[in-house]
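Subject: Structure handover

Hi,

Here is the structure I promised you. Please open it beside this email and follow along.

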Amino acid sequence: MSLVISASILLLRYFGLLQAPELAMLDQMFRLRPIEAADPRIVLVTISDADIRQIQAWPIPDQVLANLIERVRTAEPRAIGLTLYRDLSVGEGQAELERIFATTPNLIGTEKLPDNESAAVAPPTTLERQQQVGFNNVVIDADNVVRRSLLFLQLQQELHRSFALKLALKYLEPESIGLRARGTQVEIGSLKLLPIASQVGGYMRADVGGYQILANPRSPAAAFESLSLSQVLSGEFDPEIMRDRVVLIGSTSDSVRDVFYTSYSGGLGGNSLPISGVELQAQFVSQLLSAVLDQRPLLHVPPEGFKILWLWLWCWVGAALCWWVRPLERSAVRVGVASLGLMLICYVAFLLGYWLPLVPPLSALLGATIAMTGRIARQEGELKKSKEFLNSIINTIPDPVFVKNQSHRWIVLNRAFAHFIGYPIDVLLEKTDFDFFPAQEANRFWEQDQLTFQRGTQQETEEEFTDAKGVTYLIATKRSLHRDAAGNVFLVGVIRDITRRKQVEEELRRTAAELVQSNAELQQAKEDLTRLAFYDLLTGLANRKLLQERLSSALTWANPNQMVAVLFLDLDGFKQINDTYGHHIGDLLLRTVAQRLLGCLRSSDTVARLGGDEFVVVLPGIPSISDVICVADKILLTLSQKIVLQGELLSISTSVGISLYPIDSITPSDLLKQADAAMYRAKQRGKNCYEFHQTGLMPADCEEPSLVPSSEPAAASETIR
């Protein structure tokens, strides 16, 4: 709904139907703004009807105007602005006036550039030649109000500067502040200006020809300091009033009718009066000077994307206030407060220099309120019908039945539910689970209800249910959703008491668990017996019995093209370590040796401990004798590494005897005996080496085996790792 209403408001705005009220609201914010102090940098020399009657001429003769400018410039203002057109000479004194024009470098004259409604008015020739002229063209909205200011206009490839901009720059010259252009951005000191777009603020498809900015005038109540023509000509003024200021000369006569309407003209709190052209130009000059020197903010507008989000936000606020705040009378008050809040936000933003859209979001807020109010009224009517229908149905059901709305409140209950919980129906209606159940149960009910609302599908759950007497039941609740013609969604729940069934199930479960526990204990006992029968308790390696089985199995499955090697290992110097450091260290050493043996062999190889410091390694599927040599070298190298046990640095080595199937024997017992005998020969050779049962099998370069395998056997060892 919010998107539809927002789109409708945007469409109205696009066709310009909201422009007039939006501009009117902008004018009202100007009029409600606190009155600022008058700009002390601006002084007006005004020509009233009384002044015209005194000189008995209009336009003012050249001689009178020359005398006036002479009087003004003797007061040493920074800049003088002449808002009177002077394309033709008037009366006597033309030469004197031309001399004044030529010798007053801080004098800025005015011209009117041609537009669609009027012809051009040329500037004084002398001032134009000296580039001391600015145009005074004004942008007037359709309602005859001036809300924008022109800085530049380009005609026939020539760029013209406005009268107000020329005067402002002339005033800023002693401050060493000039104008810089960077693309479309204009910089005057720290002030950065960009031309407005055709959809700026509340405007839609506005004519933004030239270089326009939004006007930010001061209230006419803070009038600029002014002197009359008669006062200046007679010398009845203090020159300090004009010194180092901007002096604008122009007509305020009612008979001349050089007047303009601004945001302060008319409306609530307005004076309903226009201002003169010289006052309007003074406002433009003051706006530029205040922004550069006083950091008085110009009027900024947010980007178009922000306006759309801003509009949608307030549309959503209107809909949300009606939807979440009931009854409707209360939501109407909230919407009124929200409207005032929107106006206050826009007003505060305006005081900070930002023109936020007001009419479109206000229209969206009220439109969403009206639409949502109609929808709620329809829903409430359908809700009443649905309650009556559901109530007539559920009272025929013997099981407890409840109906909840999306706020999780009971709206319809049958008599069976009231009897089950132990409270009258009228006490339960419009209440929630948290009003009658323990917190844990109420949270559980709320979560399951919410899950049903979210998924929209029927579901059945089991929960605990405590009645008014404190008796707790186990219940099965089947929940489903019901939707009426207006879109109201209800949750319908049917309850069954499953307490007795759960008790029977628990008894059966307990019996089954006892049987499972008995089976688990039997299985664990069986595993413990297996470990005692086949594994060495100290090292976890295979014992003699399991070694016999593994060796017999390896011989049975041996490939005719491969061998089975039996390596009989006996640790060198173990007894001395055991006697020196104790049996505890000796046991730790045996475990470490076992882990190192497992780490340097394949998973298919078998490592067994026969007892004491004797180990046997069975290598099935060995391609060649050189591979056996590589494994033996690897074992010697691995076990010869230093071992640190409880802070003691120990050295150990081993002697290895090797027998081969089928070269040496084909029976497990013979192979073990032959490997044992070969091990004793290795001991006799000096320990830390290996011996084959048939010594002739050892290659010539392996008679004195090294602790570091050669490069060629190393490759073979990788194949059996």
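Is Asp-39 buried or exposed? Asp-39 is buried, because its relative accessible area is 2%, and buried means under 20%. Keep in mind that this is a predicted model.

Side chains of opposite charge can pair when their charged atoms come close. Asp-39 has such a partner. Its side chain meets that of Arg-218 in a salt bridge, at 4.0 Å from N to O. This pair links distant parts of the chain. Asp-39 sits in the loop between helix H2 (19-32) and strand S1 (42-47). Arg-218 sits in the loop between strand S10 (211-214) and strand S11 (225-228). The two are 179 residues apart. Arg-218 is buried too, with a relative accessible area of 8%.

How many salt bridges does the structure hold? The count is 39. Here are two others to look up.

Start with Arg-13 and Glu-304. Their closest N and O atoms are 2.8 Å apart. This pair also links distant parts of the chain. Arg-13 belongs to helix H1 (residues 2-14), and Glu-304 to helix H10 (residues 304-324). They lie 291 residues apart. Arg-13 is buried, at 10% relative accessible area. Glu-304 is partly exposed, at 29%.

Next, find Asp-605 and Arg-602. Their side chains form a salt bridge of 2.8 Å, N to O. Asp-605 is buried, with a relative accessible area of 9%. Arg-602 is buried as well, with 14%.

Some salt bridges share partners. In this way Asp-27, Asp-141, Asp-143, Arg-147 and Arg-148 join into one network.

**Cysteines**

How many disulfides are there by the distance rule? The count comes to zero. Take Cys-600 as an example. The closest cysteine sulfur to its own is in Cys-630, 13 Å away. A disulfide needs the two sulfur atoms within 2.5 Å, so the sulfur of Cys-600 is too far from that of Cys-630 for a bond. Cys-600 is buried, with 8% relative accessibility. Cys-315 is buried too, and its relative accessible area is 0%.

**Two packed helices**

Two packed helices are described by the angle between their axes and the distance between the axes. Look at helix H7 (residues 163-172) and helix H9 (residues 277-293). They pack at an angle of about 45°, and their axes are 9 Å apart. That angle makes H7 oblique to H9. The crossing of the two helices is right-handed.

Which residues of H7 and H9 make the contact? On the H7 side they are Phe-163, Ala-164, Leu-165, Leu-167, Ala-168, Tyr-171 and Leu-172. On the H9 side they are Gln-281, Phe-284, Val-285, Leu-288, Leu-289, Val-292 and Leu-293.

Last, go to Ile-241. Where is Ile-241 found? It is in the loop between helix H8 (229-234) and strand S12 (246-251). Ile-241 counts as buried, at 18% relative accessibility; the limit for that word is under 20%. What does Ile-241 touch, leaving out residues up to four places away in sequence? Its contacts are Val-43, Glu-225 and Leu-227. The C-alpha atoms of Ile-241 and Pro-21 are separated by 42 Å. Along the chain, these two residues are 220 residues apart.

Best wishes

Terms used:
Residues numbered from 1 in each chain as written. Predicted model: local features only at pLDDT ≥ 70, side-chain atom pairs only at ≥ 80, totals over all residues. Heavy atoms only, no water. Buried < 20%, exposed > 50% of the residue type's maximum accessible area, 1.4 Å probe, protein only. Helix = DSSP H or I, 4+ residues; strand = E, 2+ residues; numbered from the N terminus. Axes fitted to C-alpha atoms, helices over the stretch in contact; angles between N-to-C directions. Parallel < 35°, antiparallel > 145°, perpendicular 65-115°, else oblique. Left-handed = near helix turned anticlockwise from the far one by under 90°. Contact = heavy atoms within 4.5 Å.
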